[in-house]
Amino acid sequence: MSSTVDLFDKCLAFEDAKRVQAAGVYPFFRPIESTIGSSVVTHGKRRVMIGSNNYLGLTHHPRVQASAKRAIDRFGTGCTGSRFLNGNLILHEELEERLAAFLNKEACLVFSTGFLSNQGAISAIMGRNDVIYSDRENHASIIEGTRVAVGDTLKFKHNNMEDLERVLETSRSKYEGALIVADGVFSMSGDIFNLPRAVELAEKYRCRLYIDDAHSIGVLGPKGQGTEFHFNLSNKVDLLMGTFSKSFASIGGFIAGSNDVIHYIKHKSRPFMFSAAMPPAAAATVLECLNIVEEEPEHLENLWKNARKMSKGLVEMGYNTLNSQTPVIPLLIGDDFMAFSFTQKLYEHGVFATPVVRPAVPEGCALIRTSYMASHTDQDLDYVLGVLNDLGKAYEIIGNRDREQQLAELAQTHFGVATV
Ligand SMILES: Cc1ncc(COP(=O)(O)O)c(C=O)c1O
């Protein structure tokens, strides 16, 4: 008997995105015609970008661009094979050595993307009788890694160390090895993982600790070495993951740890072994970014100056930013459709931002994710603050006591954040 259901029926029935498109507020896949520092040109108009992860603003640094061009001249445009076989460049190996030194780790392994780094490292390291303890708000690539990995995954409430301990207490003895996994800075809410307490719990319950520092490398710590350095806990994280698609102005990712563990992942991780290597220009870009991070501290200083200015300005206006302490500053909106509509109005007023709706955040907790860069000028930021002030009032996200109270309750219930 054949089925009456066709494989593609679900595609025909999928209406969510089409409804948003029909309402004229679809905010995704906007084609960028060019980028200029902190702005982009889309639909023929220049707009201030506040939705990028280019934290240090290095994508347009002349030294970075020259380095990428030199790499193309020397190695061509692509590696045309995996590192395991024919695509391993001296640039990849130099990058691994430089990163290991920068992060105070014994060894490092460079993957083609950050997503593959999480998927490939987590799945390689887990055995059938092992367990992962995963924060509920972890990035999709970590979730993908936990799905591909054999063994069990148990979740704990977002950044909630009491809940992590509760889960550890009730389950740890049932398993052999264990891995606690979390983002160092959470990509949507911008909050910093409670690493000091997680280190204690990892020691107490004999777990290894895995931190995804995609949004912390280049941002936290005296030179941007990430959450370990931010908390003065150098080398307490067993496996440190990072990506080059944010502060390091490129594409690619890495996992850093001890020699033996990195050697093991290098020879066991299928997403590493069977995917083409990071292109030469991308690797050379990151190498030059590392030089710049060492030699030009002003980028990190500007990033924090801008992040602090925006955080202060937005909180003073009455926005609920979930108490973010990083350059990722969410604006809590609540309703999905309102977040789409608000983002569309921002766009029409020359500000490019992105909304975050379920399933990336809990139902009814839509955000507009804003993020700031070293390359934003005061003029850019004052302009953005002016637009956000006007629109926030028009949408009654700010300037309305009852609404602000409702949003504070949402922040407490769903993100565990006490805001006034
Ligand atoms: C926390 C986190 N981890 C991993 C990734 C994946 O990195 P990439 O874009 O380099 O694949 C991202 C990027 O969105 C991220 O935000």
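Start at Phe 115: one of its backbone N or O atoms sits 2.8 Å from an oxygen atom of the ligand. That is a polar contact, meaning a pair of N or O atoms within 3.5 Å. His 215 brings an N or O atom of its side chain to 2.6 Å from a ligand oxygen. For Thr 243, a polar side-chain atom lies 2.7 Å from an oxygen atom of the ligand. On its own the ligand exposes 390 Å², and the protein buries 83% of that (Shrake-Rupley areas, 1.4 Å probe).

A word on the basis. This is a predicted model: local features need pLDDT of at least 70, side-chain atom pairs need 80 or more, and totals for chains, interfaces and linings use all residues. Numbering runs from 1 along each chain as its sequence is written, and side-chain values use heavy atoms, without hydrogens or water.

Who surrounds the ligand? 16 residues do, and the closest are Phe 115, Asp 212, His 215, Thr 243 and Lys 246. The cut-off is a heavy atom within 4 Å.

Next, strand E11, residues 328-334. Strands are DSSP runs of at least two residues, numbered from the N terminus. Seven of its seven residues are buried, so E11 is largely enclosed by the rest of the structure. Buried means under 20% relative accessible area, exposed over 50%, partly exposed in between, with a 1.4 Å probe and protein chains only. Val 328, Pro 330, Leu 332 and Gly 334 point one way; Ile 329, Leu 331 and Ile 333 point the other.

Finally, cysteines. Cys 207 counts as buried because its relative accessibility is 8%. Cys 11, at 47%, is partly exposed.

How values were computed: Helix = DSSP H or I, 4+ residues; strand = E, 2+ residues; numbered from the N terminus. Polar contact = N/O pair within 3.5 Å; in protein donor to acceptor, adjacent residues only side chain to side chain.
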